[in-house]
Structures are given as C-alpha cells and as structure tokens.
Amino acid sequence: RGLEKERVCGREKEREVWQERERERESEMEVERDRTREREREREGERAREEENVERVRTKNSELEIEMARKDSVHQDEIRMAHTERETERESERASEHAREA
C-alpha cells in the first residue's frame with residue numbers, strides 16, 4: 001500500500017513537472033511569436049519607407065523630365081527665332097541689293 005501511494009505521488013509529480021514544462025514551452029513560443037510579429041511590423045515599416053522613397057524619386061524624376069522638356073522647348077524656340085531673324089536679315093540685305101541695282 002505504501003508503494004502504491006508512492007507511485008501515485010510520483011506520477012502526480014511527473015505530471016506536474018510535465019505540465020510546468022509545457023507552460024514554459026508555450027510561454028517561450030508566445031514570446032517567439034511576439035518577436036516574429038514585431039520583426040514583421042518592422043519589415044512592413046521598412047517596405048513602406050522604401051516605397052515612399054521610390055515614389056519621391058519618381059516624382060522628382062518626373063518633375064526634372066518636365067523641366068528638361070520645357071527648357072528644350074524654349075531652346076528650340078530660341079533657335080527657330082534666331083534662324084528666322086537671320087533669314088529676315090538676309091532677305092532685307094537681298095532687298096537692299098536689288099534696290100541698289102535697280
């Protein structure tokens with residue numbers, strides 16, 4: 001009868017130890033899950049910041065392209081005006097020559 005009681009007490013103690021280990025494992029797993037969630041939130045934040053930076057660069061590039069196109073257009077207009085002025089001067093010189101010849 002003493003041995004039986006000792007075995008029962010031993011099994012109960014083993015079960016308590018096992019349950020305590022299970023609680024510890026569950027606690028460790030929960031801590032790891034929390035860490036994993038925190039790392040994922042950090043990664044999401046990094047991705048969001050990277051996307052904002054990419055969008056800023058795209059916007060800046062678009063602005064620069066528009067500005068370059070505008071400057072190019074102005075430059076082309078200046079070239080056309082200078083060409084037109086030269087043509088006008090040549091025509092004027094030709095007209096003067098014709099007038100002198102006549």
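**A close look at charged side chains**

Guide: Let's start at Glu-32, which is partly exposed because its relative accessible area is 36%, a value between buried (under 20%) and exposed (over 50%), using a 1.4 Å probe and protein chains only. Before we go on, keep in mind that this is a predicted model, where local features need pLDDT of at least 70 and side-chain atom pairs count only at pLDDT 80 or more, while totals for chains, interfaces and linings use all residues. Residues are numbered from 1 along each chain as its sequence is written, and side-chain values use heavy atoms, leaving out hydrogens and water.

Now, who does Glu-32 pair up with? Its partner is Arg-39, and their closest N and O atoms sit 3.2 Å apart in a salt bridge, meaning a side-chain nitrogen of Lys or Arg within 4 Å of a carboxyl oxygen of Asp or Glu. Arg-39 is partly exposed as well, at 36% relative accessibility.

Next comes Arg-33, which forms a salt bridge with Glu-30, with 2.8 Å between the closest N and O atoms. Why are these two about one helical turn apart? Because they are 3 residues apart in helix H1; here a helix is a DSSP run of H or I with at least four residues, a strand is a run of E with at least two, and both are numbered from the N terminus. Arg-33 is partly exposed at 33% relative accessibility, and Glu-30 is partly exposed at 33%.

Further along, the side chains of Glu-87 and Arg-90 meet in a salt bridge of 2.8 Å, N to O. These two residues lie 3 apart in helix H1, again about one turn. As for Glu-87, a relative accessible area of 27% makes it partly exposed, and Arg-90 is partly exposed at 38%. Searching the whole structure turns up 16 salt bridges.

Some charged residues gather in another way. Glu-85, Glu-89, Glu-93, Glu-97 and Glu-101 form a surface patch of negative charge. A patch takes residues with over 30% relative accessible area and no salt bridge, joining like charges within 9 Å and nonpolar side chains (Val, Leu, Ile, Met, Phe, Trp, Tyr) within 5 Å. One of them, Glu-93, belongs to helix H1, which covers residues 2-101, and counts as partly exposed at 49% relative accessibility.

So much for the close-up; here's the setting. The protein has 1 helix and 0 strands. Its C-alpha atoms fill a box of roughly 150 × 10 × 5 Å along the principal axes.

Definitions and conventions: Areas by Shrake-Rupley, 256 points an atom, 1.4 Å probe, with all protein chains shown as cover. Lys, Arg positive; Asp, Glu negative; His and termini not counted. Charge placed at Lys NZ, Arg CZ, Asp CG, Glu CD.
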